[in-house]
Amino acid sequence: MLYRAQQNEPEAVPPIEIPPFTFASPAKDDAYDFSVTLHRTAISAGKRVRVVFNDEIPEADMVVQRACQEIRPITRQFEITKAGDAELAVNQQLASISSALTGVYRWMVRAEVNVPDEVRQLNRDAYRKQHDIKSDAAASLLHIESTDKVRLKWQEFLSAVEGSARVVHAIRLAADQTQLPQIIKELVEEREQGAQELLSTVDRIMQSYQAVDMLHFVVSNETVLRRTLELLGLPVPPLEDEAVLVGEV
C-alpha cells in the first residue's frame with residue numbers, strides 16, 4: 001500500500017495502519033506464554049516525509065522493540081488464565097509511553113493478549129465441568145422441590161380420605177401400578193357386595209313396614225267393627241285383652 005504523502009505538501013496525511021505483529025510473552029511462573037498481538041498506527045508528526053510503503057516506515061521496528069520491552073515484565077505478573085487482566089495492564093502501560101514513541105511519526109500502539117490454544121482447551125474443559133456441576137445441582141434442587149410438592153399432595157389426599165375404604169387401594173396403586181387389574185377386580189367385588197347388602201337391608205325394611213301396616217290395618221278395622229256393633233245395641237264378644245286394640249286406634 002503506497003503512502004500518499006508527497007514532499008512539500010503542507011496538508012496532514014492520513015494515519016498509516018501497520019500490519020499486526022504477534023509474539024510470545026511469558027506468563028507468571030514461566031509455565032506458559034501469552035500470545036501478544038501489537039496493532040500499530042503511524043500518524044504524521046507534522047514533518048515532511050517522502051513517499052514510502054507501509055512496511056518500510058522508519059521507526060516501526062523501534063516501536064516493536066520498545067513495546068516488547070514494556071510488555072514482557074507486565075505479563076510475567078499474571079497467571080496464564082488472567083489474559084484479560086494482563087491485556088488491560090499492558091495497554092495502560094503502552095498509553096503511558098506513547099509520547100516517548102514520537103519521532104517522524106506519532107505512534108498509537110494497542111495490544112491484544114490471548115492464551116495459547118492448549119490453555120484455551122483446558123479452560124473449555126473446566127468450564128464444561130463447572131456447567132455440568134451447576135446443571136446437576138439445579139436438577140437435584142428441582143427434584144427435591146417436586147418431591148416435596150408430591151409429599152404435600154399425598155398428605156392432603158390422605159387427610160381427605162382418612163377412614164375411607166378406598167385409601168388402601170389408592171396406596172397400593174401408587175406403590176405398584178402393575179396391581180391395577182387386581183385392584184379394579186377387588187373394587188368391583190366390593191361394589192357388588194355393597195349393592196347386595198343394600199338390597200338386603202332395603203328388603204328387610206320393606207318387610208318390616210309391610211308387617212307393621214298389616215297389623216295396623218287389622219287392629220283398626222277390628223276396633224271400628226266392634227264400636228259399630230255396640231252403637232247398634234248388638235252383643236259384642238269380649239276380647240282377652242281389649243285394651244290393646246283400643247290403645248292402638
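**Fold and helix packing**

Modeller: Along the sequence, the protein chain runs in the pattern β-β-α-α-β-α-α-α-α. Please bear in mind that this is a predicted model.

Biologist: How many helices and strands does the protein chain have?

Modeller: There are 6 helices and 3 strands in the protein chain.

Biologist: And what share of the residues counts as buried?

Modeller: Of the 249 residues in the protein chain, 22% count as buried. As for contacts between residues at least 6 apart in sequence, 65% join residues at least 24 apart.

Biologist: Let us move to α2. What are its length and reach?

Modeller: Helix α2 covers residues 83-96, which is 14 residues. From its first C-alpha to its last it reaches 20 Å, close to the 20 Å expected at 1.5 Å a residue.

Biologist: Which residues of α2 are buried?

Modeller: Ala-83, Ala-86, Val-90 and Leu-94 are buried in α2. Viewed down the axis of α2, its buried residues fall within an arc of 65°, so they line one face of the helix.

Biologist: What is exposed on the other side of α2?

Modeller: Gly-84, Leu-88, Gln-92 and Ala-95 are exposed there.

Biologist: What covers the buried residues of α2?

Modeller: The cover includes the strands β2 (33-44) and β3 (105-114), together with the helix α1 (60-75).

Biologist: Then α1 next. Which of its residues are buried?

Modeller: In α1, the buried residues are Ala-60, Val-63, Val-64, Ala-67, Cys-68, Glu-70, Ile-71, Ile-74 and Thr-75. Their cover includes β1 (16-26), β2, α2 and β3. Helix α1 has 16 residues and reaches 22 Å from its first C-alpha to its last, close to the 22 Å expected at 1.5 Å a residue.

Biologist: At what angle do α1 and α2 pack, and how far apart are their axes?

Modeller: The packing angle of α1 and α2 is about 145°, and their axes are 10 Å apart. The crossing in which α1 passes α2 is right-handed.

Biologist: Which residues make that contact?

Modeller: From α1, the contact uses Ala-67, Glu-70, Ile-71, Ile-74 and Thr-75. From α2, it uses Ala-89, Val-90, Gln-93 and Leu-94.

Biologist: How many residues of each class does the contact of α1 with α2 have?

Modeller: The contact of α1 with α2 has 6 nonpolar, 2 polar and 1 charged residues.

How values were computed:
Residues are numbered from 1 along each chain as its sequence is written. This is a predicted model: local features need pLDDT of at least 70, side-chain atom pairs count only at pLDDT 80 or more; totals for chains, interfaces and linings use all residues. Side-chain values use heavy atoms; hydrogens and water are left out. Helices (H or I, at least four residues) and strands (E, at least two) are DSSP runs, numbered from the N terminus. The expected span of a helix is 1.5 Å times one less than its number of residues. Buried means under 20% relative accessible area, exposed over 50%, partly exposed in between (1.4 Å probe, protein chains only). The arc is that of the directions from the helix axis to the C-beta atoms. Contact means heavy atoms within 4.5 Å. Axes are lines fitted to C-alpha atoms, for helices over the stretch in contact, and angles run from 0 to 180 degrees between N-to-C directions. A crossing is left-handed if the near helix is turned anticlockwise from the far one by less than a right angle, and right-handed if clockwise. Ala, Val, Leu, Ile, Met, Phe, Trp, Tyr, Cys and Pro count as nonpolar, Asp, Glu, Lys and Arg as charged, and the others, Gly among them, as polar.
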